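I opened a new structure today and kept short notes on what I looked up. Here is the view I worked from.

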Amino acid sequence: MLPLATAAQMRELDRRAIEERGVPSLELMEHAAQAVADTVWELIQPNESICASSIGVIMMHKKDAPPPTDEEQRQSEEIREIVESKNTDPTPRVAVFCGPGNNGGDGVACARLLMERGGCHVRAFFVGDRAKMTPDEKTMEDKLTAAGGRLEDFTIDLTDRETAEATFTFEQQKISAWLSTCDCMVDALFGIGLIRPVTGPFAAAVRLMNGRTVVSCDIPSGVNAGTGEILGEAVQATKTVTFTRPKPGLYVGEGAARAGEVRTVDIGIPHDLEWELFRGLPRLEMVNSPNGGLPRRPSNAHKGAFGKLFILAGSEGYTGAPVLAARAALRTGAGLVYLGVPRDIYPIVAVKCDEAMPFPLPEDYSALLDRVWSCDIALIGPGLGRAPETEKLVLQLLADLECPVVLDADGINALSGHIDVLDRRTALTVLTPHEGEFARLTGCELPVKDRLSAARDFARDHGCILVLKGRGTVTAAPDGSAWVNTTGGPGMAKGGSGDVLAGMVAALLGQEHLRRARRVGDNTAELAADAVFYHGAAGDACARTLGEYAMLPTDLIEAIPQVLRQWSET
């Protein structure tokens, strides 16, 4: 677990460190720049020679154009020499793109530090309005100048790329040619405060960086730090060096795919000040490991002690979903799993089950209720279908059951237009929707732009735990706490993967010894977040051994043992 911080929280933390604790802002900037410079150095040493990209051929003569003049020929040769010089001088080349804020100041300082270290050619480019430079960035520019460097103005605009390239000045053409030979680029255009689309020369800089080795300062430029939304154009970073605490946008939404490898560094903000600011606030954490791991199972316990789970699932054409959920629950430690399915698919499901105990749903509702009341937790929804009588049954059970309930798939769909049923429940309810199910339930637009806030708001407003599935699955609790998952990948995007997760969530929540092993207080949301982590870790294991194309949800279930063993106490 690694705590996250929003942009507003980081701005307040910086302010307190500078104004209340007297930490020099230039010192914080210097530490940030040093971390970025160290990361760049790791990427460029050692480095093989590279050839020029298509950026370097913009001077190619068009067939229908008149013959080049002597001056045009001279310029073309000079640009060609810039590109080909990489073959005779393999010294790594680094371009640093700096915006007008303090993030840009980090970049200017990084350029100076790399110059002072030696062993690479460094050019720093300023993008934007110099009148908007912060005092700290201006100070860093003075230091760069004193060290023999220069902060060059970058004015290339590729809004209309074909027209723009045709009208490049000779100096712009030379810059483009040199950039095409770079071994690494530093993205210091924008920090965590960006809220509007990236346009003009900023967008041009982003496009020129993409497709290359890039180190981003704090967050890739163009990514909303809170939501992960792409604001017009965004850098595809190789590595992101983020300061003090990671930002949610590095792990949720499209931003998670742009961040590359994320490195979190301490830049000198007092730890006690950080603790003072965040204490008492709802937890906001990135999940790169379980909350507490898995304790040893009590040696004197019996099967009933590890949770009796009831699953209501399946319909005609969806006989696999209940089996996947049941198997996943058993692999995740559930002691007893009762699987209630419609009578017409019972023979098919029964053949597939060895450890789970399937039964055809009784026509008498009270008979079904008696079965469920004997269980510790219920999972409702995988493959259940949306027939009116089915939705009526789901709503009845939600109203009558006093045990915890995990709602998945069609169990969630049954709540559409009946959210009052959820609100009236006093026992724990966990919902595990993907974005489409969440949109049907809430009426929000797709895609969900701010997944983190949407999940936290829903969990708080309806007193439930919400697991909003997708890249950077968010688990949110009623008190505002939230966990953003980092495991899993696109190989899991296949029908049945959600059924596996639902079974894992229900299994962990149903085991009393897991709840007791945690610190005092309600830890059910933590256990749900752990299930998401284990599920994604199983997917990662499958991707490594089988590849993303070939892996199946059944493979996820087979990978659960090795994942749980890795995080189990011995």
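**Pocket, helix, cysteines**

I started with the second largest pocket and read a volume of about 980 Å³. I noted that the model is a predicted one.

Next I listed the lining. I found 36 residues around this second largest pocket, with Gly101, Asn102, Asn103, Gly191 and Ile192 nearest its centre. I sorted the lining into 16 nonpolar, 11 polar and nine charged residues. I then asked which helices contribute. Helix 1 (7–20), helix 2 (25–44) and helix 4 (102–117) each supply at least two lining residues.

I moved on to helix 8, residues 200–209. I counted eight of its 10 residues as buried, so the rest of the structure largely encloses helix 8. Among the buried ones I wrote down Phe202, Val206, Leu208 and Met209. What do the buried residues of helix 8 pack against? I found strand 2 (93–98), helix 7 (170–179), strand 5 (184–188) and strand 6 (214–217). After helix 8 comes glycine 211, and I noted its positive phi, near 95°.

Last, I searched the whole structure for disulfides and got zero. Cysteine 353 is in no disulfide either; its nearest cysteine sulfur, in cysteine 375, is 15 Å away.

Notes
Residues numbered from 1 in each chain as written. Predicted model: local features only at pLDDT ≥ 70, side-chain atom pairs only at ≥ 80, totals over all residues. Heavy atoms only, no water. Buried < 20%, exposed > 50% of the residue type's maximum accessible area, 1.4 Å probe, protein only. Helix = DSSP H or I, 4+ residues; strand = E, 2+ residues; numbered from the N terminus. Contact = heavy atoms within 4.5 Å. 1 Å grid on protein atoms, 1.4 Å probe; cavity = no way out; pocket = protein on both sides within 12 Å on 5 of 7 lines; lining within 4 Å. Points joined across faces, edges and corners; volume = space filled by probe spheres on them. Nonpolar A, V, L, I, M, F, W, Y, C, P; charged D, E, K, R; others polar. Disulfide = S-S within 2.5 Å.
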